[in-house]
Amino acid sequence: MNSLCFATILFCFFAFSVKAVPTSIRQSFDFRNGSVGNTGNTLVEGYADCGSLGRLVSFNLGECEKTPCTLKAGHTYKAELVSIIAGKYAEFALAVDVKRDDEIENVNYFNFPFPLYPGLAGIYFPTDIQARHKGFNELQIRIIAAGVNEACLLADVNID
């Protein structure tokens with residue numbers, strides 16, 4: 001029991017102290033399952049929040065280290081998003097779109113009949129992205145719950 005209390009206190013201390021760290025450094029933390037560590041992919045620098053209700057913690061896209069990420073048409077890339085959820089929801093969806101000017105193409109859309117709860121521990125959202133839209137230059141990943149963007153990120157890409 002004492003070790004569980006100590007671990008909880010240590011995690012809470014670390015989680016609260018991360019908020020004081022600059023955003024560029026904070027993006028390299030992954031709170032997946034309440035732990036800190038890299039998910040295995042390279043962490044991407046330079047992505048932007050596009051109206052998240054919650055807080056984006058990290059984003060990985062294949063071997064890309066900094067936007068704009070170069071993606072080869074016809075290849076599939078592993079994307080991972082970690083977000084701290086702000087609200088409580090009965091279900092949610094994961095949407096992945098690519099953009100070019102005013103044109104938007106959906107890449108993936110998944111509904112999940114699982115609840116989301118607010119809290120300190122971030123939630124890990126993995127997905128595969130097929131780069132099949134040559135010439136598109138922006139990637140948008142959204143976690144949608146109750147009609148709001150609980151998490152939303154934009155990353156510059158070059159799909160060639």
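This is a predicted model: local features need pLDDT of at least 70, side-chain atom pairs count only at pLDDT 80 or more; totals for chains, interfaces and linings use all residues.

Which residue in E6 is the bridge partner of Arg100? The partner is Glu103.

- Strand E5 covers residues 92-100 and strand E6 covers residues 103-112.
- The two strands run antiparallel, and nine bridges hold E5 and E6 together as a pair.
- Two residues lie between E5 and E6, making the arrangement a hairpin.
- Within that turn, look for Asp101, whose phi is positive at about 55°.

**Disulfides: the overall count**

- The model contains two disulfides.
- With the bonded cysteines numbered in sequence order, the pairing reads 1-4, 2-3.

**Cys50 and Cys152**

- In this disulfide the sulfur atoms of Cys50 and Cys152 are 1.9 Å apart.
- The bond connects distant parts of the chain, since its two cysteines are 102 residues apart.
- You will find Cys50 in the loop between strand E1 (48-49) and strand E2 (55-61), while Cys152 belongs to strand E9 (residues 148-159).
- The S-S torsion of Cys50 and Cys152 is about -90°, so this disulfide is left-handed.
- Is each end buried or partly exposed? Cys50 has a relative accessibility of 24% and therefore counts as partly exposed, whereas Cys152, at 1%, counts as buried.

**Cys64 and Cys69**

- The other bond joins Cys64 to Cys69, with an S to S distance of 2.0 Å.
- The torsion about the S-S bond of Cys64 and Cys69 is about -80°, so this disulfide is left-handed.
- Cys64 and Cys69 are both buried.

**The interior cavity**

- Rolling a probe the size of a water molecule over the atoms shows where empty space is left.
- There is one cavity of 30 Å³ or more in this model, and the largest cavity has a volume of about 30 Å³.
- Which residues line the largest cavity? The lining consists of Leu71, Val98, Val107, Ile129, Gln130, Ala131, Arg132, His133, Leu139 and Ile159.

How values were computed:
Residues are numbered from 1 along each chain as its sequence is written. Side-chain values use heavy atoms; hydrogens and water are left out. Two strands pair if DSSP finds at least two bridges between them. Helices (H or I, at least four residues) and strands (E, at least two) are DSSP runs, numbered from the N terminus. A disulfide is a pair of cysteine sulfur atoms within 2.5 Å. Buried means under 20% relative accessible area, exposed over 50%, partly exposed in between (1.4 Å probe, protein chains only). On a 1 Å grid over the protein atoms alone, a cavity is a set of points where a 1.4 Å probe fits but cannot get out, and a pocket is an open set with protein on both sides within 12 Å along at least five of seven lines; lining residues have an atom within 4 Å of a point. Grid points are joined across faces, edges and corners, and a volume is the space filled by probe spheres set on the points.
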